[in-house]
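This report describes the fold of a protein model, from its overall dimensions to the surroundings of a single residue. The sequence and structure are shown below.

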Amino acid sequence: MPDTFGGKTIAILATVGFEQSELEKPKKALEEAGARTQVVSPTDNKIKGWNHKDWGEEVTVDAPLKSAKPEQYDALLLPGGVMNPDQLRMNPDAVRFVKAFFDQGKPIAAICHGPWMLVETGAVKGRTVTSWPSLKTDVQNAGGTWVDE
């Protein structure tokens with residue numbers, strides 16, 4: 001695979017209950033494309049994933065949220081799973097972290113239920129967003145345009 005990301009550093013914000021495939025597969029693809037990834041979490045050490053209908057594997061936390069600085073990263077990945085973004089959007093530090101990427105004009109990829117974090121930051125207004133279908137009303141109520149793409 002080509003070195004598409006040329007050494008860019010991508011933050012992956014997640015906590016307990018992230019959807020396993022939505023963190024691990026994009027992380028692997030980013031790394032194969034030349035990016036350096038760091039799992040950022042309000043939980044120290046390890047976080048346990050959710051694999052379809054049961055608990056999945058643990059993933060090592062590379063950077064605690066309390067010390068992670070958005071300026072250190074070139075982009076942000078928000079994996080879904082229902083539990084993961086639901087917990088993160090209740091954490092003011094996590095919301096500030098995500099909002100800083102918008103404020104700095106950096107790319108953000110949000111998968112499945114991940115756009116809940118985008119809604120929470122207030123940055124959805126005027127944007128076109130895709131998500132798991134159950135977030136359609138949340139995106140629209142936040143002033144965004146929801147698409148199934």
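## Contacts and overall dimensions

Of the contacts in the protein between residues at least 6 apart in sequence, 63% join residues at least 24 apart. The model is predicted. Its C-alpha atoms fill a box of roughly 35 × 35 × 30 Å along the principal axes.

A compact globule of 149 residues would have a radius of gyration near 15 Å, and the 14 Å of the protein agrees with that expectation. Of the 149 residues, 46% count as buried. The protein exposes about 7,800 Å², and carbon and sulfur atoms supply 50% of this area.

## Secondary structure

The protein comprises five helices and nine strands. Read from the N terminus, the elements follow the order β-α-β-β-β-β-β-α-α-β-α-β-α-β.

An open sheet is formed by five strands in the order E5-E2-E1-E6-E7, with parallel pairing. Strand E5 (63-64) and strand E7 (108-110) are the edge strands, each of which pairs on one side only.

Within this sheet, strand E1 (residues 9-13) and strand E6 (residues 75-78) run parallel and are joined by three bridges. Ala11 stands opposite Leu76 in E6. Helix H1 (residues 20-32) lies across E1, strand E2 (36-41) and E6, and runs at about 150° to E2.

## The antiparallel hairpin

A further pairing involves strand E3 (residues 46-51) and strand E4 (residues 54-60), which are antiparallel and share five bridges. Lys48 has Glu58 in E4 as its bridge partner.

Two residues lie between E3 and E4, and the two strands form a hairpin. In the turn, His52 has a positive phi of about 65°.

Is Asn84 buried or exposed? The residue is found in helix H2 (residues 83-88). Asn84 has a relative accessible area of 0%, and therefore counts as buried, since the cut-off for that class is under 20%.

Which residues does Asn84 touch, not counting those up to four places away in sequence? The contacts are with Leu13, Ala14, Thr15, Val16, Gly17, Phe18 and Pro79. One of these, Leu13, falls within strand E1 (residues 9-13), the strand that three bridges join to E6.

Key. Residues numbered from 1 in each chain as written. Predicted model: local features only at pLDDT ≥ 70, side-chain atom pairs only at ≥ 80, totals over all residues. Heavy atoms only, no water. Helix = DSSP H or I, 4+ residues; strand = E, 2+ residues; numbered from the N terminus. Buried < 20%, exposed > 50% of the residue type's maximum accessible area, 1.4 Å probe, protein only. Contact = heavy atoms within 4.5 Å. Pairing = 2+ DSSP bridges. Axes fitted to C-alpha atoms, helices over the stretch in contact; angles between N-to-C directions. Rg over C-alpha atoms; globule rule 2.2 N^0.38 Å. Areas by Shrake-Rupley, 256 points an atom, 1.4 Å probe, with all protein chains shown as cover.
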